[in-house]
Each structure stands twice: as structure tokens, then as C-alpha cells.
Number of protein chains: 2
Amino acid sequence: MLPFKTLIQTDKTLKLPVYQQIANRLIGLIQEGILKPGLYLPGSRVLAETLTLHRKTVIAAYEELISQDWLVAVPRKGVMVADNLPVIRPRTFRGAASAYGEESAFSFHHIPVAPFMPGVPAGNALVVNDGFPDARLAPLADWVKECRSLIESPRYHKLLMYGNATGSEALRRQMMEYLSNTRGLNLQLPHIMITRGAQMAIYLAAALLIKKDDLVIVGSPDYFFADLCFEQLGARLLRVPVDEEGIDVDAIEQLCSQRKIKMLYLVTHHHHPTTVTLSAARRMKLLEVIRKHKLPVIEDDYDYDFHYSSAPILPLASADHGGNVIYIGSFTKSLGLSIRIGFMIGPADFISEAANLRRLMDLRGDNLSEQALANLLADGTIDRHLKKSNKVYKERRDLLCLLLKKKLGDAVQFTVPAGGMAIWLRFSKKYPLQQVSQKAAALGLRMSSGEQYHYGTPSQNALRFGFASLNNKEIASVVAILEKVLQQW
Amino acid sequence: MLPFKTLIQTDKTLKLPVYQQIANRLIGLIQEGILKPGLYLPGSRVLAETLTLHRKTVIAAYEELISQDWLVAVPRKGVMVADNLPVIRPRTFRGAASAYGEESAFSFHHIPVAPFMPGVPAGNALVVNDGFPDARLAPLADWVKECRSLIESPRYHKLLMYGNATGSEALRRQMMEYLSNTRGLNLQLPHIMITRGAQMAIYLAAALLIKKDDLVIVGSPDYFFADLCFEQLGARLLRVPVDEEGIDVDAIEQLCSQRKIKMLYLVTHHHHPTTVTLSAARRMKLLEVIRKHKLPVIEDDYDYDFHYSSAPILPLASADHGGNVIYIGSFTKSLGLSIRIGFMIGPADFISEAANLRRLMDLRGDNLSEQALANLLADGTIDRHLKKSNKVYKERRDLLCLLLKKKLGDAVQFTVPAGGMAIWLRFSKKYPLQQVSQKAAALGLRMSSGEQYHYGTPSQNALRFGFASLNNKEIASVVAILEKVLQQW
């Protein structure tokens, strides 16, 4: 008899029933070639004694394996390893180690990445993020209440069983009204698709447009996750400067008259990372360029709902762009980053293909969340939340700007952003951001070293300094730590 | 004076404040070239009279546009259209129509689609779906309770502000235990990634492996959304027959010795669409082929947790596959389709690249849902739910099989599936499925015409007949309708 006591070890403290542990181990021994096809196993009584287990446990294991066709019960002879199994040359007597290690046995594509982004803070460290909303302000109680009442209503079980790649019709109908009220966009249902956040919309739109080596115009600097996405899809990026009025439209026009440009990506409000808003004059000029060159545009307006100095400026999508603008936005910033609902607006045929592609990546949307958002839009909750948080974020922006000026003085430079959730904070050359962020970490403040914002562009020794998620006390603490850090020079 | 009464129409019933409606319309008129740079607008009193509005409303609109740089207030002269704006040649006097129509102005890729899938039923129609779970059984009350308590705990606001592309660490730690208990998989954290359902995992894994014109082996028939995904990524599909023991492993071996195969995709339990489970003998043989040819495999085991005739068979991933198997599964079937949480297991370097790619498509996971699932796994809720629903689904499978045999007799053929949520139901040639489904629809039953299951393969006049989401009464009604339908021949 094989040394079953060594070969089969069981552990009663595991959740997996012991008979199942035995069955799994026997399969392993068959697969490793230790138990060969045609071999008779010990009788259940004998094996039970060997393993000091109850006989019923061994019988259960054998029965399991018989039903799975690993073993065969031969009348009057006992239990045999199925003889239709391939014969395997045994390799070792130890149990198979995990087949997963550090490195793959095969090769695969490398995906470009951006450097460090601050993640979840360890313990109670303060975090300056990229411009996230404050989840403490989000209408989460309303959100959960809405989800609960949807789930409790019997007819809404359908919501949990279906769902489609374009998004819930109820939400798309609400979006028609919401986008008309807030952006003057007059749309029909086939122009609207719900996505997981703005990023999925960017990926889908770009994947439908870009072929290998296509030329894509982006800002310098630009939203690095968009750049990485276009490059991953095979595009070659042409960078156009972004100044205090936004992206340089003359430079775009020049490129369009010289070369075949596949598309333009831009952020019209609160450009990422610099926070500048595209000026009225440039918007008009850009609309002309778009129409003249039939230039497809991805207008990323992720931050539209957060604007403090005036009402937000109407997007390009609301003007006469000749059907060339794909318009992208998000509710993620209103609801907390963990609840990811964004949208894409475009011509009906484009939206329909985008839904086909989304289906391959992510079958369907989250019907329950989408219906909950539709209801919160309909009953005015989202609107009230936006009004309230705009007020709070404006105060936080003003406080941070005030304190930065007062406490850090000439060490930093910035323009007060008209909206959004972050300041584009440039440090003077004396204070290299890499060192600033290291020293800040030592004092309990996590902040970016700024590298990711300069992906493919010259460093401005700058970072996005998110203010929206910090309350007044936290803002004061953050600036106080930075003040201490700069005193170390 | 321009005919402002015609040009600017306001509507007090809209949610958008009237001053904002005026401002938006003035922007439109400037962009259309009707109001030219340098033009002086009527005084607020005059315009208010023209539009029969309060003067303050007009002033608010002017102020808004001044702050947005469309208008300039010139001391002692009035309000002028900013003269730094580009001059536009006016086109028409009517308001700009929606710039979005049926068709795009630009060209884009076409995405392959599968034919009809039954969607949300209109009214109270019965639906035979692809094999969905019954949301009425899902532990939704526990789910919502868990989400609520997470949201109400102050420290969990962090959950809503962060999250990453690999998934919540808490859930990945629970997965280590769960996959060890249920599948005998011994893993470390870097081998585990949480995705949105199994489909996202398939897309990510395939996108990392496939280059244009790579050869990929799939079943005939095969899960059509996987086929479409591989084709979209540029692969050429080599189809290998699936019979009552699962995919033909000898045919796979032959292909591997003849040509350079990039990867193999297969469903080991309850193959989609045919529901057959890969036999023990073929699994062993396949493991040999995988090791010998260093063949990367995507093992899609979406249905592992639902197996009725015995315990499920251990996946290829649990055996010695030389690090070549990417293992994919899902919790979507336990929680209702609307809550999409799946996972991918692989070598650490592969999982890390997959997370980079996921970040470009969908920034981050849903931290809140992932933490909620982790808690429900830890407290045994998921385990209890699986036990309960396995019992119910087994009964439903047996009832459906019984009634199909009894009521439809020779008109249909099927093998009782060992698990999963659907029967692979073949209709005899006398009853073409397209006609069956049309006639059924007329009697209030929506079911697939079967086309999508034969994507790229010869028709078997068959469909996946989901039983899990139908209770006993509904199963009886469905079969009764089918009986009536077949009587029409």
C-alpha cells in the first residue's frame, strides 16, 4: 500500500469538509501520476484506520470521486482509479506546490503606467489627493435608502436580473432633462449612454476611433490616464500647449491643416491637471476649426457640475459642432468615487457601437445603481447636493488659497481655479517636489511628487492639490505641515 | 434692434432659471454669428420690456455672461459683445438644432455583435433567459444592510474616496480563503484581482495576450461574448468540437503541434452554451498538453458554485499547469446580475499588468461593494446562500427536465446538466427555433431564437433554456406555453 498517511493530510479546522479534502487530495495524486489508472484503492475501512478518520468520511470521499468519474466501483473487487484516464509519469512525491508564482510562463503585452498616485492613507495620515470629492458630504443616506426601497419593491427584482450596455432607460431619460437644464443640450435617448465613470467613456470612444499610428492631439500637459489610454490603443500623441486660456487653438488649427488628425482630446472646464477653463474666444474659434476640418473631438467635461466663480460655460457639445463632438461627463464626483456612473453623448450610430464594445468589456451596467441615481435626479436630491457642495467647496478653495498665499508665500505659485476640486500648485525650483513630498510624508502628509502630471511633458514642479475632500481644519493642518517642510530648506 | 423677442424665448416651467436660459441663448446667438463681436446689446430695461421679464432677470443674465467673458461692460456705453471673439459668418436665424443626429460626421470601427438576446420583459411576459440566477433568492437584504452599515461607519468614508484597480484588499484576502476552501487553490494576494464580473476578466486577459492575427482555440460552439471579444482584439479563432465530455482535447493537441497557438479559451464546468462539464480524463490529458506546449489558457469557470449532481470538479487552475492557466470566476450569479463582481487568478506579473489595463478602462473597482462582499463571505452569508440556492436550483432543474420530457416528448432533446442555470435544449428539425420563439412571443413567452449560441458554428436548432430564475409555477407555465406552440405544427 502507498504511504497514504503521508500522502493524504486532512485538517478539521478548515471550512472545507474533511471528505472533500480527501477527495481533492486523491485527485491531485491521480493527476500527479502517483495513483495510476487501474490501481485499486484500499477499502474504506482500511483507509479510515490509516488516516484515523471515521469510515463514513472515506466512503463519502470515494462516492464523490466516483460521481466525478475519477474512480470506478467494481462489483466485488472494490474501488479503482478509472482506467480511461491518461497514464502520467509521476514527478515527485510531495504535494503540488501552488502553480502560481511571481512570473508567468508565457509572454504578454506591457501596459504603460503613470508614476505614483497617493492611495489609501495608512492610519490617520492626511492625504492631498488629485481632486476628489468629500465622501462625508455625499448624499449617501439618500443613496442607500433609495437602493433599499428599490430592492424591497417586488417589481424591481427585474432590475437585478437584467440591465444593458447602454444603461438604464430611466436614467437616460433623466439625463435628457438634466443635460438640457444644466448644459442646454437637446438630446434623444439614442444619443445617451451610461458608463462606469468618465474613464470608461474615454476608453470606449477612443477605442472606436483610433487605429495603430493614428495622430491624436492632446494638451501639454494633459490628463495622463487619457494619454496612456490613447497610447495603449496605438495612437501617436501630438502635444499642444495649454496656457492660462486653455488649450492653444491656433496650434490645433495649424496641425489640422498640415496633417491628417484622427481626433482631439480636451478638458474644457478645469483642465486636468492645470485647472484652467477654455476661454469663450477659444471655444468659438475651436468650433470653427472642428467644423472646417471635420475633426472628431472627445470633450471631457468631468468637472462641469462644480464651478464657483460663475455658472459653468456651456460645453462645445451644446454649440454647433457639426456632430463631431463626443461629450463625456460623470456623476462620480457627486456621489463618492466608489459609485462610478458616467455618461457619453454622441451621434446615435456611434453610441450604438460604443454599447457593443462595452458589452465585450463589461456586459452590462449596474441597473440598480442607475435606477437609484435616476430617482435621486428626479426628486431633486442630486441638485440640492450639488448646490450644497458647490458652496462648501468654494469656501474650501478660498481658504486653501488664502492660507497658501499667507503661509507659503513666494515658495508656491497658483491661479485660483474657477471651479473643480484642485489647485494647480507650482513650487519654486528651490523646492523640488520629489523632496517636498518625501519630507511631507515624514510629517504625516501624503501628497503626490507631481510626476504623473508631467507624463510626456516637461516638468513644471507642480501638482494637483485637491481641496474639496479636506475640511477647514484639515486644510489648516495640511498647510501647516507644508510650511514646516519648506522651513527645512 | 435685432428681433430679440423672436431670438430669445424663455420658459418659466423649466428647472433652469430664466436668467440662465437667456444667457445660454445669447451665447448661442454669439456663436452663430448673429450677435457680432463689438455689438452693443440693448439696455437691460429695454430688453426686459421686449421679453416681458423683470429687469433683474436680464441684469443677472448679462452679469453671468460678463463673468464668462462673452460680454464686456463698457463704462457709460453699456454691454457689448466681447470684441476679442472671432467673427463668425451667420448661417441662419433659427435656433441651432441639436448637433446630434442619427449618423456621425466621422468614421469609426465597427464592433461585431451577436444576434438577439432576450432583454427586460415588457409587462408581465414570461422570459426564458440564458441562465440567470433568481434575484428573488439573492441575499439582498443582507447586502443592503451591509452597505448601509459600511456607509454609516465614519471610518468607512475612506472606502468611498479610494479604491484601486486590483480590487479591495479585504475582499482579496477573503478570496484567498474562499478559493482554497472551494477549489483547493493556494494563492497569495498578488495572484488575485477583482473585476467587474467575469466578462471584464476575459477582456483584460485576452487583451494582454492577443496580437493581431494570433491564433486562439475556442470550442464549437463557444460562449459568443468571448468569441466576439477575441475577434475584436484581432485574433483568428480555431474551433474545436465540444461533445458530451467537453472540448476535444486530442484536437487541441493536434493544433498545438501543427501551429503556433496563442491561447486556449474554455469553460470547464457547464460549458457555455452546451452545459457539458469537461471529463476527468480530458482534464488530465489537457493538463499534459498545456504543460508540454506551454499553452496559455483562459479557464472560464463562471458557474463553479452551482453544481448539483456532485461536488464540482476541481479546476485546471488547481492542478499542476505550470503557471499557464488564467482562472476566471464570478459572484454575479450569487448576488443578482446587477451587482457585478468577478475575479481573475494568475501569475503575479500578469495580474499586475491586468490591473494597469483595467485602470485605463475603468480607473478603479467599487470599493464599497467589494468590502460588503468581503464581509458577507467572512460571516458565512454567501456560503449559506449558495447552499440554499443550489438546493432550489436543483429542484427547478429536475422539474423542468421532467416537464419537458412529459409534455414535449420527442420534439426536444437534452442531457440533464450536472449544474449551472440552464439546459441546452435542442428542438427537432420539424420545429425551427426562429418560428418557435416567434409563436411563443405571441403567447406571452419571450425566449431566444438560438442564433447567438451558434455564432460562427453550425446551427443545432438549440438554445440555452434558463431554469434557475423561474419558480415552479413559472416553469409549469413556460412548458405549457411551449406545448401549445408545438401543437401549431
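Predicted model: local features only at pLDDT ≥ 70, side-chain atom pairs only at ≥ 80, totals over all residues.
A rotation of 180° with 0.0 Å of shift along its axis superposes chain B on chain A, at an RMSD of 0.1 Å.

Side-chain values use heavy atoms, without hydrogens and water.

In the interface, 125 residues of chain B are in contact with 126 residues of chain A (heavy atoms within 4.5 Å). The copies meet through the same surface, because 100% of the interface residues of chain B are also interface residues in chain A. About 11500 Å² is buried between the chains, 62% of it on carbon and sulfur atoms. Buried area is the accessible area (1.4 Å probe) that two parts lose on being put together, summed over both.

Four salt bridges link chain B and chain A (a side-chain nitrogen of Lys or Arg within 4 Å of a carboxyl oxygen of Asp or Glu). One of them joins Arg196(A) to Asp362(B), with the closest N and O atoms 3.2 Å apart. Helix H13 (residues 348-362) of chain B gives the most to the side that touches chain A, with eleven residues. Helices are DSSP runs (H or I, at least four residues), numbered from the N terminus.

The side of chain B that touches chain A divides by class as follows.

| Class | Members | Count on chain B side |
|---|---|---|
| Nonpolar | Ala, Val, Leu, Ile, Met, Phe, Trp, Tyr, Cys, Pro | 66 residues |
| Polar | the others, Gly among them | 33 residues |

Notes: Residues numbered from 1 in each chain as written. Chains lettered and ligands numbered in written order. Helix = DSSP H or I, 4+ residues; strand = E, 2+ residues; numbered from the N terminus. Least-squares fit on C-alpha atoms with pLDDT ≥ 70 in both.
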